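Work through the following exercises with the sequence and the coordinates at hand. Each task is followed by a solution in steps.

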Amino acid sequence: MKIVIVILALMTGMGASIKKSADEMEQVKKRIELNEYKRYPNLLPEVEIVAPALK
């Protein structure tokens, strides 16, 4: 019975560790992607508003 409890505890710990690593990798990927966008100029279209002058 003790062996079963130890195995369950180890598997739970390993699962939590893997989940945390996956979350951290996701955050790193997002940070890398944002850093790549810093090299590009402003990609938003430039809008010129043309309206008749008010009198």
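The exercises below concern a predicted model and go from the overall form of the chain to its side chains.

**Exercise 1. Overall form**

Solution. 
1. Along the principal axes, the C-alpha atoms fill a box of roughly 90 × 25 × 10 Å.
2. A single pair gives a distance within the chain: Glu24 and Lys2 are 22 residues apart along the chain, and their C-alpha atoms are separated by 33 Å.

**Exercise 2. Burial and surface**

Task: State what share of the residues is buried, and what share of the accessible surface belongs to carbon and sulfur atoms.

Solution. 
1. Buried residues, those under 20% relative accessible area, make up 0% of the 55 residues.
2. The accessible surface comes to about 6100 Å², and 66% of that area belongs to carbon and sulfur atoms.
3. A nonpolar surface patch of about 500 Å² is made by Ile3, Val4, Ile7, Leu8 and Met11.
4. Within this patch, Val4 lies in helix α1 and is partly exposed at 44% relative accessible area.
5. Glu24 is also placed in helix α1; its relative accessibility of 41% makes it partly exposed.

**Exercise 3. Salt bridges**

Task: Find how many salt bridges the whole structure holds, and explain the sequence spacing of each pair.

Solution. 
1. The search of the whole structure returns 2 salt bridges; the cut-off for the nitrogen to oxygen distance is 4 Å.
2. One joins the side chains of Asp23 and Lys19, with 3.7 Å from N to O.
3. Asp23 and Lys19 are 4 residues apart in helix α1 (residues 2-37), so about one helical turn separates them.
4. Asp23 is partly exposed at 36% relative accessible area, while Lys19 is exposed at 53%.
5. The other pairs Lys30 with Glu26, whose closest N and O atoms are 3.7 Å apart.
6. Lys30 and Glu26 are likewise 4 residues apart in helix α1, and therefore about one helical turn apart.
7. Glu26 counts as partly exposed, at 45% relative accessibility.

**Exercise 4. Charge**

Task: Count the positive and negative side chains and give the distance between the centres of the two sets.

Solution. 
1. There are 9 positive and 7 negative side chains.
2. The centres of these two sets lie 9 Å apart.

Key:
Residues numbered from 1 in each chain as written. Predicted model: local features only at pLDDT ≥ 70, side-chain atom pairs only at ≥ 80, totals over all residues. Heavy atoms only, no water. Helix = DSSP H or I, 4+ residues; strand = E, 2+ residues; numbered from the N terminus. Buried < 20%, exposed > 50% of the residue type's maximum accessible area, 1.4 Å probe, protein only. Patch = residues over 30% accessible without salt bridge, like charges linked within 9 Å, V, L, I, M, F, W, Y side chains within 5 Å. Areas by Shrake-Rupley, 256 points an atom, 1.4 Å probe, with all protein chains shown as cover. Lys, Arg positive; Asp, Glu negative; His and termini not counted. Charge placed at Lys NZ, Arg CZ, Asp CG, Glu CD.
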